[in-house]
Amino acid sequence: MTQDQQAASQVTLSIDGKEVSVPKGTVVWQAAQKLGIDIPIYCYHPKMSPLGACRMCFVEIEKIPKPPQTACTTECTEGMIVHTDTNLVKKARKGTLEFLLINHPLDCPVCDKGGECDLQDFTLRYGPGASRFDLKKRHFTKPVPVSQNILLDRERCIACQRCVRFTHEVAMQPGLIMENRGYRTQVAVNPDAPFDSIFSGNTVEICPVGALTAKSYRFISRPWELRRTATVCSGCAVGCNVQANVRVDKLLRHMSRTNDAVDDGWLCDTGRWQHDEVNSLERLKQPLIRKNNTLTPVTWDEALDYTTSKLKEAAQRTPQLVGAIGSTHTTNEENFIFQKVVRECLGVRNIDHYHGVFPSSAAGAVPWVYTGAIADLDHTGSIVLLGADPYTQQMTLDLRVKKGLRNGAKITVISSEPTHLDSFAHQVLTIKRGSEAAIAKALAYTVIEEKLWRGHFAENNTSLIQSHSARYADYSPERMEAALGVSAAALRELARELAESSGAIVLYDELTTKISGNETLAADVFDLGMMIDLITRKNSGVGPLFHAANSVGARDMGVLPDTGPGYVKIDQPGFDYNAMLNGAVKLLWVMGANPAKHMEKPDMMKSLDFLVVQSLFMNETTQYAHVVLPALSYAEKIGTFTNLERRVQVLHRALNPLIGPRPDWEIIKGIASRLGVKYSYRSSSDILTEIAMNVPLYAGMSRGEIGESGKQWAFAEEKESVSAQR
Amino acid sequence: MTEQVRIVTKNIDIPGIDTFSVYTQHGGFQALRKALAMEPAAVLETVKNSGLRGRGGAGFPTGMKWSFLAKNSSKPTYLCANGDESEPGTFKDRMIMEKIPHRLVEGVLISAYATGAKQAFIYIRGELAYAARQLERAIAETYAAGYAGKNIMGSDANIDVVLHRGAGAYICGEETALMESLEGKRGYPRLKPPFPAAAGLYGGPTVINNCETLSTVPAIIENGAEWYASYGTEKSKGTRIFCLSGHVNKPGNYELPMGVTFRTLIEEFGGGVWKGRKLKAFVPGGSSTPMLGADKIDTPMDYESVASAGSMLGAAGVIVIDDATCIVDAVSRMEEFYRDESCGKCSPCREGTFWLAQLLERLAEGQGRADDVKLLSDICDNMSGKCFCPLGDAAITPVVSAIKLFREEFEYHIIHHNCPLSEHNRSAAAART
Ligand SMILES: Cc1cc2nc3c(=O)[nH]c(=O)nc-3n(C[C@H](O)[C@H](O)[C@H](O)COP(=O)(O)O)c2cc1C
Ligand code: SF4
Ligand code: SF4
Ligand code: SF4
Ligand code: FES
């Protein structure tokens, strides 16, 4: 857009005497927000379309007839003059509050919302001091469950419809409706669609009053008793930004911190309410050593001395028989120091983590990761989910795809299993399990055959196209149709759409690459992205959808057998995860993982001479351990996680740490010092400083630089050429 | 003696006029034939020149409304006939639909032709089962004759007409709620803009007209704009069907040129106030219009005169209130209607009507408290202009206008815990026995 065009699409108005310029189409409430002028709202929500129902947001606008106006529905126009504090406005807002209160039960003393309720707060600021209503209030049976987790108190409801609109507009699972009319109006469960969305908790959060309450939080706490800490959810690889609410020593719930880049202001119910792991009374508190075949409590010194001596002895003698398994649930700092101690202090090469090495991730120096941004989904033209179902694994990403859909993106689901997004997709191609890579190849073939390539990279690289045309020669859509039963026309059409649309995103689940037949999926999708410029094109990207909170961080930090921190290639790779667990090593050091849980024959663990496990709980793996070292949960420590779009985010300490367990980095530091290497790290920040200095991808990363909203490391363009030569 | 001028209600009393054959025998569908021979723009121009204004309540010039339709929308244009008629005091659309349904169908077809709508809907109030059956049959007959659907009367014009029965809600007469309801959603009014003419039903440019408005169109096309404009007054042209009800000897629908006075309607056509009583007040245009005192009975029934008398012609539902009526009681009953019919979307209307209805009930029962009249007025003030749609303003109209005219009567109820008329009634009753 040129500057002139930009100026033309802006309007300037004045609110309470202050001037502000906003894009055309902005409502007065948003413009006032920009100026820091508070206009009370109930029904309006910045993430949903304006409704104009509650009549709380009154302002007076000069030259518009019939004042006052509602700020949430009135669009700003050039030269508009708005007043938010006139007598007319005050009386109107007071009137609305009085109306909302006449039927309200005023049971604030026992209401979960009391203390963080907009009805209380606005009444204090704008409302009448006393009610003139002296008649019979309306009554409803209460509370009524509307879902497994949520209860509805219809007497407290102010009928703002936020909850209903969330289910219809945002989650697009219309579980709630408005029922009856007039003074009998109430929220109800949609008889045709149960309110069973995994996003249901958002309605509790956005309900401006205490009408919707969470079962898990009912009558548990007063809001002013909560300690609120800005941190990051560790439930999955999205890394939604949350405010952890803790009462005394219990994590009660997460509330959204609204980072539009990551979560758009929404959380999933698991992330919001499932904190058993942190709160559990079963947590390990003391180190354990196996004595007489039973795990026996010991002091930290004894446990660390013993562990170190075992590790040291084995590493000196037979380093090839020592293995280390890191974690997708521990911080970057912990993974970094873990691999550092393993590699540098012990001289051991065998290091990996669960879902570390993938058959198809061997892309050499190219970081195997989604190349775009989560927010690109909002405004892209086309989204392809190739064996991926975010609703089950990267939950809030599902809302992102739906947002893209509402903004006009075409959604294509290609999967061997039904997915949640099937009913929203423009096109669903059902395929045989393990043929995702073949589909990607057919798309690549079409790009080459129909000369659809675009972007500087493909255009300047005739050799690339040539080598690819050989590589994909056998995968014409027509052959795929014959072999797999997928319409060739649909594949060709899709390839054209991806090449031509204003933006396109192709995503696959990390585990889809593990299915036999998909060994080359990651490389194929990347090649496709390169040829049609999905890596640098606006609102575009390709790559895997990881599962765990720090899946990407564990890779970035080099907890992999073949690459060190920052994907620096290692000349002689060690054993990978599977090899280590299948007898390649005799001594195993596990940090924050539970490999036995995923093994077909966990008894293989018995063949280990020594197993040390850093863990929060006793679990399938610890039962084979010789030493168990109790660790702190993410909620009790400080560090960083890297989410699936390469965003490094800061975890803050939300809970007072349990007495006994230690953060994993401290445990590792203790082992290092017993190995004779004294690290000067006093906190995980010091480790982050070292990472920033040593890992180019993380250059400049510091707690301050990352800030409240995280910082993405750049998927550098030069990396493309590296991959092209592989 | 003034005579009715039958334009919309022409031939309405002819036996069998509700059948296609009798309707056509009496000139039915000639106007459609004539319109189809004209350019749509010329039809629109004729309606514009006739001065026809909407009969649904607001009195917006019909031709002008049609000309506002978005010209370059990517979506189809729709026409909706509003047959939701639920305003207390109105029953004219129902009569048209029951007695001479083909005229509405003909009007719908001509109007759709003029506006370029290929799809028309007639939205009928849920309770009007007989009218719905009549229309259903009229539409079927019209299709069977080739006068609706594809190549109407052998022309190039294609217009489909679908009847849709509402589920019974006053708010669904409001044009945007009507569209929501037609789309199968809950009948909530929509945010404007966009206005229906720009993006209405299913997002397409939409024109919505009242049944009577559309049923007037055939006569205008048949006889010309000037002919129609020769009826009525300078600014309020043509005739209207006045629905006369309440305490009057001969209630009913009377089609009269605009400008005739309320006195003529009530006394000449209605045979005067019933039971020999006197006129206390009257509602000029349906319950949503401010009631007027008996002193306003000589007001001519046209938009401008009624406006300068302090009310609105609205949907022309004239309700006569005799002097034995407790006004608090009457208003209380009206408010109950609005309380029950409020759609509940916005706070002031949903809660305000609930509060007003309860307050009025206790006042009428003589249980009112000292400041109740002041409170009533202030509740109305807090609703006035602050509700989402016009129903909220309509809901306070009976209260505000009654307090303005009969404040002492309200206060009497509070001071004496009784109605000033109850004694009157008692003595009258005693005299009778
Ligand atoms: C609460 C409410 C109820 C209404 N009910 C009706 C109705 O039953 N019939 C009608 O024709 N118009 C009704 N209207 C007016 C319509 O919104 C609309 O203005 C009218 O149908 C336009 O037709 P016209 O231009 O031919 O008058 C109602 C308006 C409101 C606010
Ligand atoms: S339950 Fe809460 S969010 Fe839903 S309509 Fe009522 S007040 Fe609004
Ligand atoms: S989507 Fe993932 S990160 Fe977000 S709240 Fe749910 S579990 Fe937590
Ligand atoms: S004024 Fe409000 S509550 Fe009343 S009918 Fe209109 S939108 Fe519904
Ligand atoms: S916030 Fe504006 S009307 Fe509700």
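How many of the 433 residues in chain B are buried? Buried residues make up 61% of them, where buried means under 20% relative accessible area, exposed over 50% and partly exposed in between, with a 1.4 Å probe and protein chains only.

1. Basis. This is a predicted model, in which local features need pLDDT of at least 70, side-chain atom pairs count only at pLDDT 80 or more, and totals for chains, interfaces and linings use all residues. Residues are numbered from 1 along each chain as its sequence is written, chains are lettered from A and ligands numbered from 1 in the order in which they are written, and side-chain values use heavy atoms, with hydrogens and water left out.

2. Chain B overall. Chain B has 17 helices and 9 strands; helices (H or I, at least four residues) and strands (E, at least two) are DSSP runs, numbered from the N terminus. Its C-alpha atoms fill a box of roughly 75 × 50 × 35 Å along the principal axes. The radius of gyration of chain B is 22 Å, which agrees with the value near 22 Å for a compact globule of 433 residues. That radius is taken over C-alpha atoms, and the globule rule is 2.2 Å times the number of residues to the power 0.38. Among contacts in chain B with a separation of 6 or more, 71% are between residues 24 or more positions apart; contact means heavy atoms within 4.5 Å.

3. A buried strand residue. B:Ile124 lies in strand β2 (residues 119-124) of chain B. Why does B:Ile124 count as buried? Its relative accessibility is 0%. Leaving aside residues up to four places away in sequence, B:Ile124 touches B:Gly83, B:Met97, B:Ala131, B:Ala132, B:Leu135, B:Leu163, B:His164, B:Arg165 and B:Gly166.

4. Two cis bonds in one loop. The peptide bond between B:Lys192 and B:Pro193 is cis, with omega about -10°. The bond from B:Pro193 to B:Pro194 is also cis, with omega near 5°. B:Pro193 sits in the loop between α8 (175-182) and β4 (206-210) of chain B, and B:Pro194 is found in the loop between α8 and β4 of chain B.

5. The five-strand sheet of chain A. This open sheet has the order β2-β1-β5-β3-β4, with mixed pairing; two strands pair if DSSP finds at least two bridges between them. β2 (18-23) and β4 of chain A are at the edges with a single partner strand each, so one side of each has no neighbour in the sheet. Helix α2 (residues 28-35) of chain A packs on the sheet, touching β1, β2, β3 and β5 of chain A, and its direction makes about 125° with that of β2(A). Helix α3 (residues 87-102) of chain A also packs on the sheet, touching β3 and β5 of chain A, at about 155° to the direction of β3(A). Axes here are lines fitted to C-alpha atoms, for helices over the stretch in contact, and angles run from 0 to 180 degrees between N-to-C directions.

6. Strand β1 (residues 10-15) of chain A pairs with β5(A) in the parallel sense over 2 bridges, and A:Ile15 stands opposite A:Val82 in β5(A). On β3(A), A:Ile61 stands opposite A:Val82 in β5(A); β3(A) and strand β5 (residues 81-83) of chain A run antiparallel and are joined by 2 bridges. Strand β3 (residues 58-61) of chain A is likewise joined by 2 bridges to strand β4 (residues 69-70) of chain A, in antiparallel fashion, with A:Thr70 as the bridge partner of A:Phe58.

7. The three-strand sheet of chain A. Another open sheet has the order β11-β12-β13 with antiparallel pairing. Its edges are β11 (227-232) and β13 (250-256) of chain A, each with a single partner strand, so one side of each lacks a neighbour in the sheet. Neighbouring strands are turned by 30° against each other on average, direction ignored. Strand β12 (residues 241-247) of chain A pairs with β13(A) over 6 bridges, and A:Val242 stands opposite A:Ser256.

8. Positive phi in chain A. A:Asp16 is not a glycine, yet its phi is positive, about 50°. A:Asp16 lies in the loop between β1 and β2 of chain A and is partly exposed, with a relative accessible area of 33%. A:Phe219, in the loop between β10 (212-214) and β11 of chain A, has a phi near 55° and counts as exposed at 57% relative accessibility.
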